[in-house]
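This report describes a single protein model for a reader who is new to structural analysis. Please keep the sequence and the 3D view at hand while reading.

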Amino acid sequence: AITVDPAAKGAKIDDTMYGVFFEDINRAADGGLYAELVQNRSFEYSTADNTSYTPLTSWTVDGTAQVVDDDGRLNERNRNYLALAAGSSVSNTGYNTGVHVEAGKKYDFSVWARATGGTVLTISLRDADGTLATARKVAVRKRGWAKYTATLTASRTSSTGRLSVASSAGAALDMVSLFPRDTYRNEPNGLRKDLAEKVAALHPGFVRFPGGCLVNTGSMADYSAASGYQRKRSYQWKDTIGPVEQRATNANFWGYNQSYGLGYYEYFRFAEDIGAMPLPVVPALVTGCGQNQAVDDEALLKRHIQDTLDLIEFANGPVTSTWGKVRARMGHPRPFHLTHLEVGNEENLPKEFFARFTRFRAAIEAEYPGITVISNSGPDDSGSTFDTAWKLNRDAEVDMVDEHYYNSPQWFLQNNDRYDSYDRNGPKVFLGEYASQGNAFKNGLAEAAYMTGLERNADVVKLASYAPLFANEDSVQWRPDLVWFNNHAAWNSANYEVQKLFMNNVGDRVVPSAATGTPSLLGPITGAVGLSTWATSAAYDDVSVTGADGRTLLTDDFSQDASKWTHTGGGGWSVQDGQYVQTDTAAENTMVQAGDPSWHDYDLHVKATKKSGK
Ligand code: AHR
């Protein structure tokens, strides 16, 4: 029985309580939310992004063409261009199965080109069945780099299109682009409509962006001659604004290239469009997600702190301010109303992180006392790192602390009371990432049950976002995810429906209630257990999984059949000499094996002998 006391007043629930976390993982940006249809438009793909990449990845050449990096480049931040010989053409394969176009819709082609004599470019769209749009001709005059445009109207719908550019005489090409005219709210350099609409339909209270591990991994250097045009650099907002042809692409922590076409301006604009509070995350000069190094460089720290102050000015400053003027030039003179900002993500080295965090916080509070500066509690929801981080945050009277956890559905059911005992006078909680391990109905149900516990504690838990938001079905670094897509379709998970239910029905205040009786737990779960390791290569042996009562679910010494394990994550693994050997050094690897479907006690304990770094 449930007893409700309508007269009693529980916690006030903020309108912003439930939000989304967008990270460019699973190709959520390029080939995802960012509507650009051409992959590797600037010929900047590199083996630093992915060992299988070349500057011509996703392009096929008919005739003669080569990628060049010389003094004739478009600009210092976009160094490669394509030298296309007379009578030759190049075709782009887009994302997933190809370039997706819909009959009757318009597509905006653009290219930066330079020719030593006059030349004519012929732009066409085809698939295996033939023409998809009437070809367009673009005359490139004899002069320096200039942008040329054309509009193509699709005559048929296809998801396997190829965009081709043929040149009558020699030409240099860069930023070969094709955008649907029909982007979300028809905005230029805009977002893929169906995906943006799915986020908008949630009515999220906030958008946390751009990561995740994306933010606090890699070099903290900028992109400049002085730092050797570093590619594996942390996500730095200044890299991602201004004209798209001047945004230097970067290797993505999740193993591919990021064009930064979807950058800070576009994130702020999207948050505003959908009525959500923008919540950026900046790196704190401690690398995380398996890299775990504190960067000791006072000048660099000062530069990152100044960059963060500049970010606040970019978002909120008047058009007369240095960075407010940049925002205005990009098309948004009005401020974006930034109120919350997070420093660091899942910081594994609490003391080193905190020493830097306090420097960021002091500088921000001195100049912008109205901004809530959010701190971190580390990568796990318990353990000594977590305890140390929480103590440091509590002692320093930090406003808000970000917690992350990915657990079994059973964990979510059993920990509904997690925040009942949190200190009411301590820092508030931002549950920036959480998910139960799966996209099945039972996962959504367990998350819904858990969210009632968040809401009951809305005086402590101020913000909460499921993670990750998007996954391209052909490029999955992490699962589960809220929304799945390919180049022409998108579909919701059960978890999405739960988030939508809560976000569209945010209450004003908790009405205290009490329940008697024992709620029945979820039915049998087809078990999946994972071994999760970060970054450094490692070898494992002797895995065993037992339930809370000691029953054995599975054991494996890896001497047998490797095929019974499913491997997810960014890189390689193999079974060698009776050991599970992780060969990838750039991303998380998870090995999963289905467990006993009749297993009812989900409090699993995974043991594995970690042999050593290999
Ligand atoms: O949400 C996926 C990843 O999970 C994030 O990048 C990271 O913060 C966490 O480990």
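A residue is called buried if 20 or more other C-beta atoms lie within 10 Å of its own, exposed if 12 or fewer do, and partly exposed in between, with C-beta atoms placed from the backbone. By this rule, 47% of the 614 residues of the protein count as buried.

This is a predicted model, in which local features need a pLDDT of at least 70, side-chain atom pairs count only at pLDDT 80 or more, and totals for chains, interfaces and linings use all residues. Residues are numbered from 1 along each chain as its sequence is written.

**Confidence**

The pLDDT is the predictor's confidence in each residue, on a scale from 0 to 100. The protein averages a pLDDT of 90, and 85% of the residues score at least 70. Over residues 520-529 the pLDDT is below 50, and this stretch has 30 contacts in the model beyond near neighbours in sequence. The pLDDT is also below 50 over residues 595-605, where the contacts beyond near neighbours in sequence number 32. For the complex, the predictor gives an ipTM of 0.99 and a pTM of 0.86.

**Overall fold**

Helices (H or I, at least four residues) and strands (E, at least two residues) are DSSP runs, numbered from the N terminus. The protein has 9 helices and 36 strands. Two residues are in contact if their C-beta atoms, placed from the backbone, lie within 7 Å. Among the contacts with a separation of 6 or more, 74% are between residues 24 or more positions apart.

**The nonpolar core**

A nonpolar core is a set of buried Ala, Val, Leu, Ile, Met, Phe, Trp, Tyr and Cys residues joined through C-beta atoms within 7 Å. The largest one has 132 residues, of which Leu33, Ala113, Leu173, Val207 and Leu469 touch the most other members. Strand β13 (residues 171-180) gives the largest share of this core, 7 residues. The core lies between domain 1 (18-29 + 185-216 + 248-305 + 330-515) and domain 2 (59-182), because both give residues to it. The domain bounds come from an automatic or database domain assignment.

Which residues does Leu469 contact, leaving aside its neighbours within four places in sequence? They are Val20, Phe21, Phe22, Ala28, Asp481, Leu482 and Val483.

| Residue | C-beta neighbours inside 10 Å | Class |
|---|---|---|
| Ala201 | 14 neighbours | partly exposed |
| Arg27 | 28 neighbours | buried |
| Met175 | 23 neighbours | buried |
| Val282 | 23 neighbours | buried |

Ala201 lies in helix α1 (residues 193-202). Between the C-alpha atoms of Ala201 and Tyr229 the distance is 40 Å, although 28 residues separate them in sequence. Val282 belongs to strand β17 (residues 277-282). The C-alpha atoms of Val282 and Thr308 are separated by 7.3 Å, and the two residues are 26 residues apart along the chain. Beyond its neighbours within four places in sequence, Val282 is in contact with Val215, Thr308, Leu311, Leu341 and Val343.

**Backbone features**

Arg27, in the loop between β2 (18-21) and β3 (59-62), has a phi near 50 degrees, a positive value in a residue other than glycine. Met175 is placed in strand β13, and its phi is likewise positive, near 50 degrees.

Where do the cis peptide bonds described here occur? One joins Phe209 and Pro210, with omega about -5 degrees. Pro210 lies in the loop between β14 (206-209) and β15 (250-251). The peptide bond from Gly211 to Gly212 is also cis, with omega near 20 degrees, and Gly212 is found in the loop between β14 and β15.

**Around the ligand**

A residue is near a molecule if its C-beta atom, placed from the backbone, lies within 6 Å of it. The residues around the ligand are Glu23, Ile25, Gly211, Gly212, Cys213, Asn345, Glu346, His404, Glu433, Ala467, Pro468 and Trp478. For classing them, Ala, Val, Leu, Ile, Met, Phe, Trp, Tyr, Cys and Pro count as nonpolar, Asp, Glu, Lys and Arg as charged, and the others, Gly among them, as polar. The shell around the ligand has 5 nonpolar, 4 polar and 3 charged residues.
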